[in-house]
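The report that follows goes through selected local features of one protein model. Please read it beside the sequence and the coordinates.

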Amino acid sequence: VGGQYNPATAAFFGPETIDAFRSIPITKAFLCCSGLSLYGGLSNETYYDPIIKRIVIDRSLVKILVTDTSKFNVNATRIVCPLGDMDVLVTNDKPSQDYIDYCQENDVQLLY
C-alpha cells in the first residue's frame, strides 16, 4: 500500500497508506491489536495504527480479530474500536466468561 515502513511493527503508515486503504474495497480483514478489553475495545500503541485500522474496518465486509489471550484486559494508549465492531474473534485459549458473554450479546463469533 505504500507509505513509511515501521520495522518495530512490520507495518506501513502515513498519509500514503491512509489514502491507499481509502481507495480499495476490502472483502475480509484480519486485524491484530496491542490490547483488548471490554471497556476499551481494541487498542494499539502507535499513532497511525488506529487510524489505518479504523479505515480498514469501515471498508471491510468481514472483520476478524486475531489475538492471543495475553492481550486480553490490556488497554494500549490508542483506542481503535469496540470489540463489537468485529465479526469474528480468534484467540489461542478459551477467554473468561465475560468475553464469552460479550461476544454472544454482540454477535461476535468466538473461535479458540
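The model discussed here is a predicted one. A10 is exposed, its relative accessible area being 56%, and this residue sits in the loop that links β1 (4–6) to β2. As background, most residues other than glycine have a negative phi.

A second residue with a positive phi is N73, where the angle is near 60 degrees and the residue is again not a glycine. N73 belongs to the loop between β6 and β7 (78–81), and with a relative accessibility of 56% N73 counts as exposed.

## Cysteines

How many disulfides does the structure hold? The number is 0. For C32, the nearest cysteine sulfur belongs to C33 and lies 6.9 Å away, so C32 takes part in no disulfide, because a disulfide requires two cysteine sulfur atoms within 2.5 Å. C103 is likewise in no disulfide, the nearest cysteine sulfur being that of C33 at 12 Å.

C32 is partly exposed, with a relative accessible area of 45%, whereas C103 is buried, with a value of 2%.

## Aromatic pairs

The model contains 4 aromatic pairs. One of them joins Y47 and Y48, whose ring centres are 5.1 Å apart and whose planes make an angle of 85 degrees; this pair is edge-to-face because the angle is over 60 degrees.

Both tyrosines fall in the partly exposed class, Y47 with a relative accessible area of 48% and Y48 with 22%. Together with F13, Y47 and Y48 form one aromatic cluster.

## The largest pocket

Which residues lie nearest the centre of the largest pocket? They are A11, C32, D49, I52 and K53, out of a lining of 19 residues. The space in the largest pocket comes to about 390 Å³. C32, named above as partly exposed, is thus one of the residues nearest the centre of the largest pocket.

In terms of secondary structure, at least two lining residues come from each of β2 (11–13), α1 (15–22), β3 (26–31) and α2 (48–59). The element that gives the most to the lining is α2, with 4 residues. Sorted by class, the lining of the largest pocket is made up of 11 nonpolar, 5 polar and 3 charged residues.

## Parallel strand pairing

β3, which supplies at least two residues to the pocket lining, runs parallel to strand β6 (residues 60–66), and 5 bridges join the two. Within this pairing, A29 has K63 of β6 as its bridge partner.

β6 also pairs with strand β8 (residues 88–90), again in the parallel sense, and this contact is made over 3 bridges. Here V66 stands opposite V90 in β8.

## Loops on either side of α3

The loop between β8 and α3 holds P95, a residue that is buried, with a relative accessible area of 7%.

From D107 to V1, which are 106 residues apart in sequence, the C-alpha to C-alpha distance is 31 Å. For V108 and N6, 102 residues apart along the chain, the C-alpha atoms are separated by 31 Å.

Methods: Residues numbered from 1 in each chain as written. Predicted model: local features only at pLDDT ≥ 70, side-chain atom pairs only at ≥ 80, totals over all residues. Heavy atoms only, no water. Buried < 20%, exposed > 50% of the residue type's maximum accessible area, 1.4 Å probe, protein only. Phe/Tyr/Trp six-rings, centres within 6.5 Å; stacked < 30°, edge-to-face > 60°. 1 Å grid on protein atoms, 1.4 Å probe; cavity = no way out; pocket = protein on both sides within 12 Å on 5 of 7 lines; lining within 4 Å. Points joined across faces, edges and corners; volume = space filled by probe spheres on them. Nonpolar A, V, L, I, M, F, W, Y, C, P; charged D, E, K, R; others polar. Pairing = 2+ DSSP bridges.
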